[in-house]
Amino acid sequence: MNYLSVENLSKSFGERVLFENISFGINKGQKVALVAKNGTGKTSLLKILTGKDGSNSGEVVFHKDVHVGFLDQNPDFGSAETIIEAVLNSNNPVIQAIKTYEEALQDPNNAQKMEEGLAQMDTHKAWDYELKIKQILSKLRVDDLEKRIDTLSGGQKKRVALAKVLIDEPDFLILDEPTNHLDLDMIEWLENYLSASQLTLLMVTHDRYFLDRICTEIIELDRQTLFRFKGNYEYYLEKKAELTQQAASEVEKAQNLMRKELDWVRRQPKARGTKAKYRLDAFDELKKKANSGVYQKEANMGVKMSRMGKKILEIENLHKSYGDLKMVENFSYVFQRRERIGIVGQNGVGKSTFLNLLTGKIQPDSGEITKGETIVYGYYTQEGIKLPEDKRVIEVVQEIAEEIELDKGQKLSPAQLLERFLFDRDKQYNYVSTLSGGERRRLYLLTVLVQNPNFLILDEPTNDLDLLTLNVLEEFLADFGGCLIIVTHDRYFMDKLVDHLFVFEGEGFIRDFNGKYREYREFKHLQELEKEKEKKESKQGKQKEEKSTKKTADDNQKRKLSYKEQREYEGLEQEIEQLEEKKDELTEKLNSGTLDHEKLQKTSQKLGEIIDLIDSKTERWLELAEFI
């Protein structure tokens, strides 16, 4: 079944064309990723699909029975004042039943309301669904459901919006950067959740592991046109490389042919005949293609690094708390040259606090941080993205430096450097207020790097960056000669760049793990399996002990002597005593030597029977004696 059909869609802002006459469709069960460079229209396309914006031309048609859910980068919760109101704000009858029940729980003295809530839960079979809601909220760490929406941070709002759209269970889910503001555990849970679900999915994401493991198809918006790749991210890279090579070859051929055409055009008289018009038209197309440089253009971030001395950064017995909340507890570390450290941990366990301690933005409660004299920090942080809206892009860079020195002695003007960061000449004179989220981050990153740091601290640098910029940034950081600390939820990015990890495990404890993130996850997985095994063995041992105790108690209760058994027990004592006397009597006769052969044989046989009888009755007596 076709869920979405897009026909000849176009969108532009004045002379700036984002895309033109693009068409595609998405069928039930497909999981599709949309990729594109920053500023080329990804978010605009999603807004058109969800009716939040209009197009210049074209048509968007959803199947009439399809329920669509949309996760926006900047979620709007309407009139909802609290988290619980936002999460349960849905027309889904099951969710409405749960909402009624939750409201009844807040008013326990209203018996009628509680009865109505219970009835609706039973009618819609909502008990299992309520459990699922609690699981989603728990995994995304959305708690304190009575908390007001207007008190939440941007990241908390994004998690609430994600929880809402998953709880609502739409047929077709559209996600704009779903992994932003999620920690690594949340991302991996969401990855597993979406992979296992039957949802039809269209999403924009820069998380390449996430994209590779969930999506079965990729559509790319490039040069105002849509390209489709049937496969995951790995397949997309293979096909993209082939297209790039083919396009580069075509551009080279066009450039060679253009030289010949250019010579011909220059030799033409001013009054050109109509016979040559076709060549002039062809020349114009050829010129456009030869000068496109579409696949040649890439960001080059080879800015010069400040000289680094022997002493880098030393941390000794560092402590930092906020009241009873420990952020860093007794942590020591000595940084070496070219350290490449990834920082991981749940939200709120002290990662940003640690970075602010290193850079002197906040002071420790105790301990020392000693920075080498030659160390120059470059600190990219989410809070630092405060670019002047009323300035042009080139003015932002000019305020930092009129000339930029590169690592190989070259010098560039701000305009030349901006081109290396994929800001063409037209874009350089745009106001910052017109930039997309990814373009803003790219510009801010440039302002950090242009100051020639030798100790880079990057706090979530990958948010909203396109795949091309991410690849270029990774290449630059791989060649960066200084120290590097990265806080990121992008596992792909981290695995490519870091050698070991600082793992924030809570209560101020920081584990120094020697290995990449994927190795840490394997380590954690083995730990969890071991804990599960110990827990299982402990549970089995406890159950066995309880079973044994219960069995003994049951047996005791079961074997408690009845009146008849009590009489039997008392009678056995007398019987055994009499049998013992009979045995002695027979034994004495056998030993007397007065019996003939026939009597001797009979007496011996009788003695054997008596002994067997004594054994059986003694065994029975002992069995009954245990319960006296």
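Call a residue buried if its relative accessible area is under 20%, exposed if over 50%, and partly exposed in between, using a 1.4 Å probe and protein chains only. What you're looking at is a predicted model, where local features need pLDDT of at least 70, side-chain atom pairs count only at pLDDT 80 or more, and totals for chains, interfaces and linings use all residues. Residues are numbered from 1 along each chain as its sequence is written, and side-chain values use heavy atoms, with hydrogens and water left out.

The protein has 20 helices and 20 strands; these are DSSP runs numbered from the N terminus, helices being H or I of at least four residues and strands E of at least two.

Start with the open sheet: six strands in the order 5-6-7-3-8-9, with mixed pairing. Two strands pair if DSSP finds at least two bridges between them. At the edges sit strand 5 (68-71) and strand 9 (225-229), each pairing on one side only. Further in, strand 3 (residues 31-36) runs parallel to strand 8 (residues 217-222), and five bridges join them. Leu34, for instance, has Ile219 in strand 8 as its bridge partner.

Now move to helix 3 (residues 93-105). Its 13 residues should span 18 Å at 1.5 Å a residue, and the end C-alpha atoms are 19 Å apart, which agrees; the expected span is 1.5 Å times one less than the number of residues. Among its buried residues are Val94, Ile95, Ile98 and Tyr101. Helix 4 (111-123), helix 5 (127-139) and helix 6 (154-167) are included in what covers the buried residues of helix 3, where contact means heavy atoms within 4.5 Å.
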